[in-house]
Amino acid sequence: MSDQIKVRFADRMDLDGCITLDHPHMPAEVIQRKVEQREIIVAEKAGPLVGYLRLDYLWSFVPYIALIWVVEDQRQQGVGRAMLRYLENVLCEQGHTALYSSSQANEPEPQAWHRYVGFEECGFIAGINGAGIGEIFFLKDLSCHQALSDIDTPFEATPSQKP
Ligand SMILES: CC(C)(COP(=O)(O)OP(=O)(O)OC[C@H]1O[C@@H](n2cnc3c(N)ncnc32)[C@H](O)[C@@H]1OP(=O)(O)O)[C@@H](O)C(=O)NCCC(=O)NCCS
């Protein structure tokens, strides 16, 4: 189907598209390094990139969405959620139990989206964006990982089950 959303990690062929979709001042070499480290996820629809997600790690190991961006005329069509779901599945498989994200305090739309897709507000840094604009932080519990652990437990041999 031509308008199906395809989500995947970005590769070298996506560099120009990633540079276009990222914040204007993000150096190309940083984006290139993050592509190589599988820290950028893209969404495409019949070819062109329509969505972009840049992942960071707090303290080098706690996943944090540094930027999620959907091309303006492609919003409200499931692209953002598709990228989030893809990332959550990857993180769950890696054993992560929490995902952080954030949004500027003066942008109610992305804040509402975060809450709608399951994030809860967990903190605030005042003024970090300049001009007195703060950043609201969000946390999403990756309970899928917990659920997988719960399912696994009955199949492990406990001392009482051993002959
Ligand atoms: C925020 C953003 C990434 C959301 O992506 P999107 O593709 O438009 O959202 P989706 O279509 O995947 O939305 C998923 C669900 O959230 C709902 N939703 C979308 N925007 C919403 C909003 N502003 N408030 C509440 N719910 C919203 C959708 O209706 C949809 O619900 P459904 O699954 O029940 O139909 C996108 O709007 C965007 O790029 N905004 C500008 C950049 C930005 O501010 N990024 C966040 C800070 S880094």
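Select Ser 60 to begin: Ser 60 sits in the loop that links β3 (49–58) to β4. Helices (H or I, at least four residues) and strands (E, at least two) are DSSP runs, numbered from the N terminus. You are looking at a predicted model, in which local features need pLDDT of at least 70, side-chain atom pairs count only at pLDDT 80 or more, and totals for chains, interfaces and linings use all residues. Residues are numbered from 1 along each chain as its sequence is written.

Stay on Ser 60 for a moment. Its phi is near 70°, a positive value in a residue other than glycine. Is Ser 60 buried or exposed? Ser 60 is exposed, with 6 other C-beta atoms within 10 Å. (Buried takes 20 or more other C-beta atoms within 10 Å of a residue's own, exposed 12 or fewer, and partly exposed lies in between; C-beta atoms are placed from the backbone.)

Now move to Arg 38, in the loop between α2 (28–36) and β2 (40–45). Here too phi is positive in a residue other than glycine, near 55°. Arg 38 is exposed, with 12 other C-beta atoms within 10 Å.

Next, zoom out to the whole chain. It holds five helices and seven strands, and 22% of its 163 residues count as buried.

Show the strands next. Seven of them form an open sheet of mixed pairing, in the order β1-β2-β3-β4-β5-β7-β6; strands pair if DSSP finds at least two bridges between them. At the edges are β1 (5–9) and β6 (120–125), each pairing on one side only. From one strand to the next, the twist averages 25°. Zoom in on β2 and β3, which run antiparallel and are joined by five bridges. There, Ile 40 stands opposite Arg 54 in β3.

Touching means contact, with C-beta atoms, placed from the backbone, within 7 Å. Axes are lines fitted to C-alpha atoms, for helices over the stretch in contact, and angles run from 0 to 180 degrees between N-to-C directions. Then pick α4, which lies across β5 and β7 (135–141) and runs at about 160° to β5.

Finish at the ligand. Which element gives the most to the shell around the ligand? That is α4, with five residues. In total 19 residues surround the ligand, and the closest are Arg 75, Gly 80, Arg 81, Pro 110 and Ala 112; a residue is near if its C-beta atom, placed from the backbone, lies within 6 Å.

How values were computed:
Contact = placed C-beta atoms within 7 Å.
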